[in-house]
Amino acid sequence: MIEARSLTKRYGAKLAVDDLTFSVRPGIVTGFLGPNGAGKSTTMRMMVGLDRPTSGSVRVNGRAPHAHAAPLHEVGALLEARAVHPGRSARNHLRALALTSGIGRSRVDQVLQLVGLADVADKRVGSFSLGMGQRLGVAAALLGDPATLILDEPINGLDLDGIRWIRSLLKGLAAEGRTVFLSSHLMAEMAVTADHVIVVGRGRLLRDQPMTEFIDDARVETVRVRASAIGPLARLLEGAGAAVEVDGEVMTVEGLSSDRIGTLAAGAQIVVLELSPQSASLEDAYLALTRESVDFRVDDHDGRVVRDADLSDDEGAA
Amino acid sequence: MSGTTRMSGPGTRPGPMPSPAGRVDGQVTLPRVVASEWSKLWSLRSTPLVILVAMLAMVAFGAIIGHNTRHPGGLDPEDVVASGPLQGYYLGQLLVGSLGVLVVSGEYSSGMIRATFAAVPRRLPVLVAKLLVFAVVVMIAMVAAAVAAFFVAQAFLSGYRPTYSLSDPDVLRVVVGTGVYLTLIGLLGGAIGWIVRSTPGALVMLFGVILVLPVLLLLFHGAWAQHASAWLPTGAGAAFSTSLRTPDSLAPWTGLAVMVAWVVAAYGIAAVLLHRRDA
């Protein structure tokens, strides 16, 4: 169980995490979604006690991160792929972490076996691929048989086999009654892995709902319309309760069926040139949700990457 | 991946998590963190290597200085006194000091410190354990190296000029003192590593304190500068690790106390910052 209450983290003028309140329940896989720079990693670092909240609090299994007598048994974390000295072997890396908590050699061997690194256990970590590094990170997270797992982008660098492996691993861990919280910026991956989803953008909570609900909400039906008198038709449809977005000769209508649009247009004697229902993908819905909050975007005019916070005066400036 | 096929079968309960063999309480205690740091120290090739090189440098300097001072005529007094053959400390302190820095800053640059703090969220036990492990290992190695350097030099000197024995007045003090001095420099490097966290920055700061600051003070001609120099870690260290004394030298035990105070103060700052800063 993870409980964030008004969790806030400020780095100088930048608000990385902005008043997040949510709970992550045991027994299910909870996905933590958001674009890069949305504050996911910072939030997870506060859960493990690496970063101190500017205000608010986070409790894991009912206690502050520093208050656990047996931290590895409470929280297993994968926070960065390479939190490992490259000169140490995988076994020695895990051994050093295990020793802090009195975890024996047999458990180290067990997790090495579990993540599929038993054969390379005595190789220096510096020679590992990104995927092997991720597996080692997962092994470290599992060392203490933790009640709660916090994994930051565990899928990064894994091949398809590895992604399938980690998906079934996480689902299995959740089925055992553990709390499983993983972040990603990939909607499609989350949709098949997570039972519940928490979406953040620019440090703010955007969604906190079951994945099925999120997917249902995402299934937005819109209708693409071209017509002889686009302006009057837009006003007419808006009057009928639709959300209309006009883009030159074309408009996108949400909230009305194509039948209804055609009927309304005919009633107003407007010639409809095109009327095609569109179905938005999950990915589209996610992008639309987070678009407003993307921290860095490519400026269309000259291709420079600009920081949104620098452009709008209500953001960032302290 | 031997574990994957077993887990991915549809309908079967995955059971990916075998329970840890034996009962694990998982409590973090200082002795356990010490065991972890002990294992970290020896599981990197560089650590024993640097210690070994520092020891060899000490002994090699002892042999060279012993050989070159067989005929005492026209030699600097500092080469002829009991602490003469221990001048390998000059190179030794750079190696041991750098090692002290790297034991800490290497964890910050690799990210290992985050994994460590996730396991020991209270953090302070990590600082204490690193300090203890480093102090014990380096102290044993450097005292042994100083003793060896001393005896190697006496072997070269015997038959040429009167040799020293460990039982002569103050000789044991300077020999063991040199090992203690090197250990304290290494610990100072460790504290600076905790404070600065980046390897280059910490090395510059350490070398600034032990190499540049004393020279800088020499540029001032006032008596206060000489006096201040005696209170620096290096000046205070010289008071108990060398046989030659200047009018400004602190008494040996005072020198030891002052140098220890520097190290303690540095660790005090390090501990406060460790507690306050994000990792």
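Reply: A contact means two residues whose C-beta atoms, placed from the backbone, lie within 7 Å. Where pLDDT is low, the predicted coordinates should not be read in detail. Over chain B as a whole, the mean pLDDT is 89, and 91% of residues reach 70 or more. For the complex, the predictor reports an ipTM of 0.86 and a pTM of 0.84.

This is a predicted model: local features need pLDDT of at least 70, side-chain atom pairs count only at pLDDT 80 or more, and totals for chains, interfaces and linings use all residues. Residues are numbered from 1 along each chain as its sequence is written, while chains are lettered from A and ligands numbered from 1 in the order in which they are written.

Now the part itself: H3(A), residues 90-99. Helices here are DSSP runs (H or I, at least four residues), numbered from the N terminus. Of the 10 residues of H3(A), 10 are buried, so the helix is largely enclosed by the rest of the structure. Buried means 20 or more other C-beta atoms within 10 Å of the residue's own, with C-beta atoms placed from the backbone. Among the buried residues are Arg91(A), His93(A), Leu94(A) and Leu97(A). Their cover comes from both chains. It includes H4 and H5 of chain A, plus H2 and H6 (112-119) of chain B.

Axes are lines fitted to C-alpha atoms over the stretch in contact, and angles run from 0 to 180 degrees between N-to-C directions. H3(A) contributes Asn92(A), Arg95(A), Ala96(A) and Leu99(A) to the contact. H2(B) answers with Arg32(B), Ala35(B), Ser36(B), Ser39(B) and Lys40(B).

Step back to the whole contact between the chains. It takes 53 residues from chain A and 46 from chain B. On the chain A side, the elements giving two or more residues are H2 (71-74), H3, H4 (105-114), H5 (130-142) and H6 (160-175). H6(A) supplies the largest share of that side, nine residues.

How values were computed:
pLDDT is the predictor's confidence in each residue, from 0 to 100. A residue is buried if 20 or more other C-beta atoms lie within 10 Å of its own, exposed if 12 or fewer, and partly exposed in between; C-beta atoms are placed from the backbone.
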